[in-house]
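What follows is a briefing for a reader who has the model open and wishes to go through it topic by topic.

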Amino acid sequence: MIKAFRETPWYEEYRRVQDNPAYGQGKMLRALSDLVGRVIGERWRDSFVFRQEDIHSANGNDAFELQQEDNRIVICGPNGISMASGLNHYLKKYALVNFNPLFASNVKMPERLPALTGRIRRSTSYDVRYALNFCTYSYTMAFWGWKEYEALLDWFALNGVNLMLDIVGQEEVQRRFLREYGYSEEEIGAYIPGPAYLPWFFMQNMSGFGGPLPEKWFEQRVELARRMHDRMQAFGIRPVLMGFAGMVPGDFGAKHPEASVIEQGLWCGFSRPAMLRVCGSEGKDCFGPAADTFYAKQEEVFGPITHYYAVDPFHEGGKMGDMDPTAVYHRVQRKMLEHDPQAVWLLMQWQGQITDAKLSGLCRPEQALVLDLQADRRPYHAMMERHKVPWIWSMVHNFGGRMGVDGDVVTLARDIPAAWQGSSYMKGIGAAPEAFDSGPVMYDLLFDMAWEDGPVDCGQYVREYAKSRYGGSDSHLERAWDILLHTAYWKKDMYAQGAGESVINARPSETFRSASTWGHSAFEYDQKALEQALPELIAAYDDYQDSETFRYDLVDVAKQILSNAANSLHRQMMAAYYGRNLDLFEKLSGKFLDLIRLEDRILGFCPDFTLENWIQASRSVLAGADEQEKDLFEFNARALITTWGDYQNSEDCLLDYSNRQWAGVTESYCLKRWEHFVRRYTDSLKTGREPEPFAYFPMEWEWANRKTREDAPEHAASGDSLKMLAEKVFREYSQTAMERDEAYQAVSEPVNLALGLQVTGSMEADPAYPYVNLTDGRLDTVWKAAKVQWPVSLTIDLGRESYISRIEFSMPQVAGDFPLSYSVEVFEKGAWTALPVAERETLLGTISVPCSCIASGVRLSLREKQPWGLPAELAGFSVYGFERPSL
């Protein structure tokens, strides 16, 4: 039995802090002293003194001051977060210490406390420094306990975060809410999904999959959440709890016939929860009482601990029916304010989900806060400025936990202060990654920008960053980071969701554009230039090999070079296949498979890049779990990073969305798929027949359902040294090394024959989205028809007969699918010939159509499967092959 918050010691402690300022101050100062001990060791606890003083920035926001008194560092600030930020400033700038529990830490202090001269003062213009995305609670944090969350809160406090999305334990709120409407424990268990899928449940996208949750889970997560809230209160981090927009189970209308319910259909093959009609109902109003019940149950579980609430009505394709969005947003906020007059509604601006109509419905725009989720790539904040709605400049950076050396240091360093200067309603900055799995420098810089008044010098910043990350530097590390800055971390011009992907992680195919539906493999940097960072890191190995941060970065860069090489090798081996050159195909495919094995061995040198950590966390997160419960949680862990769901969900769009470059996954999952592919295509060349058809899902589903207690470990430690393997990567798999390989030189890769060519269509294009966007080689530009008219045909005249190996077209990069069918034809021997195409329920991502013919033209036709009411649009249309008729 989970007690109500007011019946627990947590409530007594909360009230004591709220009602007794002296006690609250003492608790805050003790929390900061404890923070020192946890981060750099108990030896240093007494070397830092914290004093709460009323110092602020020019516009009234946080500031901190540092000075030295005798042999101690005195840190002053108005609250715990400002003083923790001061501590972090000292550690990074003077002690060359960089605490980061997500991307490896350097916490080795110098023998003596570095001295300060004079008084150092820093301030921030931003009221809000926000953190987390709903998805982070799955892709990174699905199986975290107090140990991991305590470290995360320490890191957030040090980096000045004062507002944090918090959905831990929310499933108990849902359970209590549903009980009020007559749901049994069995029905509730079938509705709430497993631990890896809870974020999408709270975002109204799905229900049920991966469950049911054990009773112990509810008890332990509520206790964990209350413990987190206690620490957050001590530091001064405000939690963002859930708001209510009408989500109910799909059978709610059957149980309560008086309720007006809007069915939501499917999201990527999953059944979505239903939504109560928020407004405009002719019958009984069920939304208002349901909202009252929800907020009462949330306060019953967690207490009145915050004024911030997050909910995004009808998220990612939800159906409002005939409701007016202006009225919907007005009523959702009105009910929130009835519960808490000081409520601030946190909204996510994601892919245009928030519109002018919705913002105009806010009854108190000043009590809304819009997270411009991907402001670094697709900013929408002009809309918030028009409506005088406060907003946060945010970056997502990582999607699904997909990994790669990637980021845009330049945009953070320049655009954040520029946005602030040009804004009246920008309230702060935020980090909202779907996962913390790549680019640690991006998070250091983002949070450091909160304390900068203007743009920073990117080169100087990364040099100082490297010093704190490794506890020192030398000429090799400086050159390595200069190379990384001007390649992988330089300004990006093309819109993309996260780092470029590796073909290793893709389901095997003759073609490759991305491993996941909305991913990409379009690297904007010079790959030869990037790989020169590796020998510089290797040269620093002997001096820095004991540093876990150095080893992390060395593995990361080596992995990226192997990923880039794999993409090139895949194109080469398929070109050898199209040329029917068995010997060459065997050489190149053998090297490709050896590369995958090498990547797995290198990844094993960094615990953060291993499957073992993920699986162990899933099996140990629930105290007192039996083997069946451990197996269920392991299934959650395995499925999420491979099939994501079952067959329908996987094939619809989610296969490998959360693919990971981890030791264990790479060899036992990725390699096995590619070995099977190579065998089939080798047999094809030997027999002269087309490769035998093969369904990969059963192989993938079997892997997702494995149980660690039954199987041997899926990664064995390598006997080689990390330095030796890194040298092998550069010696054998750098672009320069491969170009010297005779086998690599022997084939030409298929090229995009349609690049830059004119497309003719069956209807006029919208002038803002012309036909030229289809063949510009970019996925961040789209073509759109000028009006709604179906079907649509698009034709490319290649100008001459060419050998075509595949045809690709890409849907716009948005979350959601398109209810369309398609056909593809090629113009050969004076006539149009239809190609066989796979049947699809809907279209999304990049659709690749294999082809082995000589033709001079290609035609794509699109048709509605059901009345859609929107004009046709595409992000790309490509034709791959060779200008000569054959190899």
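## Briefing

Leaving aside neighbours within four places in sequence, Q560 is in contact with G404, V405, F523, Y525 and L530. The model is predicted, and Q560 has its place in it in helix α22, which covers residues 548-578. With a relative accessibility of 3%, Q560 counts as buried. The points below take up the barrel, the packing of two further helices, the aromatic pairs, the charges over rings and the backbone geometry.

**The barrel**

- A closed barrel of 8 strands runs in the order β5-β6-β7-β13-β14-β15-β16-β17, and its pairing is parallel.
- From one strand to the next, the twist averages 30 degrees.
- Strand β14 (residues 344-349) and strand β15 (residues 368-372) run parallel and are joined by 5 bridges; for L347, the bridge partner in β15 is V370.
- Helix α16 (residues 440-448) packs on the sheet, where it touches β5 (128-131), β16 (391-395) and β17 (426-431), and the direction of α16 makes about 160 degrees with that of β17.

**Helix α24 and its surroundings**

- In helix α24 (residues 611-620), the residues L611, W614, I615, S618 and R619 are buried.
- Seen down the axis of α24, these buried residues fall within an arc of 125 degrees, and they therefore line one face of the helix.
- E612 and S620, on the other side of α24, are exposed.
- The cover over the buried residues of α24 includes α4 (136-139), α25 (627-640), α27 (665-687) and α28 (697-704).

**L537 in helix α20**

- L537 has its place in helix α20 (residues 533-539), and with a relative accessible area of 2% this leucine is buried.
- Once its neighbours within four places in sequence are left aside, L537 is in contact with L477, A480, F550, D553, L554 and V557.
- Between L537 and K723 there are 186 residues of separation in sequence, whereas in space the two are 9.5 Å apart, taken from C-alpha to C-alpha.

**Aromatic pairs**

- The structure holds 64 aromatic pairs, and one of them is formed by F177 and F244, whose ring centres are 5.6 Å apart and whose planes stand at 50 degrees, so that the pair is tilted.
- Because F177 lies in helix α6 (residues 170-179) and F244 in the loop between β7 (238-242) and β8 (247-248), this pair ties together parts that are 67 residues apart in sequence.

**Charges over rings**

- K255 lies over the face of Y183, at a distance of 4.8 Å from the ring centre.
- R660 lies over the face of W614, at 5.6 Å from the ring centre, and W614 is one of the buried residues of α24.

**Cis peptide bonds**

- G211 and P212 are joined by a cis peptide bond, for which omega is about 5 degrees; P212 has its place in the loop between α8 (198-202) and α9 (215-235).
- W790 and P791 are likewise joined by a cis peptide bond, with omega about 0 degrees, and the place of P791 is in the loop between β20 (783-784) and β21 (792-810).

**Positive phi outside glycine**

- D70, which is a residue other than glycine, has a positive phi near 55 degrees; D70 is placed in the loop between β2 (63-69) and β3 (72-77), and at 74% relative accessibility D70 counts as exposed.
- L132 also has a positive phi, of about 95 degrees, although it is not a glycine; L132 lies in the loop between β5 and α4, and at 0% relative accessibility L132 counts as buried.

Terms used. Residues numbered from 1 in each chain as written. Predicted model: local features only at pLDDT ≥ 70, side-chain atom pairs only at ≥ 80, totals over all residues. Heavy atoms only, no water. Phe/Tyr/Trp six-rings, centres within 6.5 Å; stacked < 30°, edge-to-face > 60°. Helix = DSSP H or I, 4+ residues; strand = E, 2+ residues; numbered from the N terminus. Lys NZ or Arg CZ within 6 Å of the ring centre and 35° of its normal. Buried < 20%, exposed > 50% of the residue type's maximum accessible area, 1.4 Å probe, protein only. Arc of directions from axis to C-beta. Contact = heavy atoms within 4.5 Å. Pairing = 2+ DSSP bridges. Axes fitted to C-alpha atoms, helices over the stretch in contact; angles between N-to-C directions.
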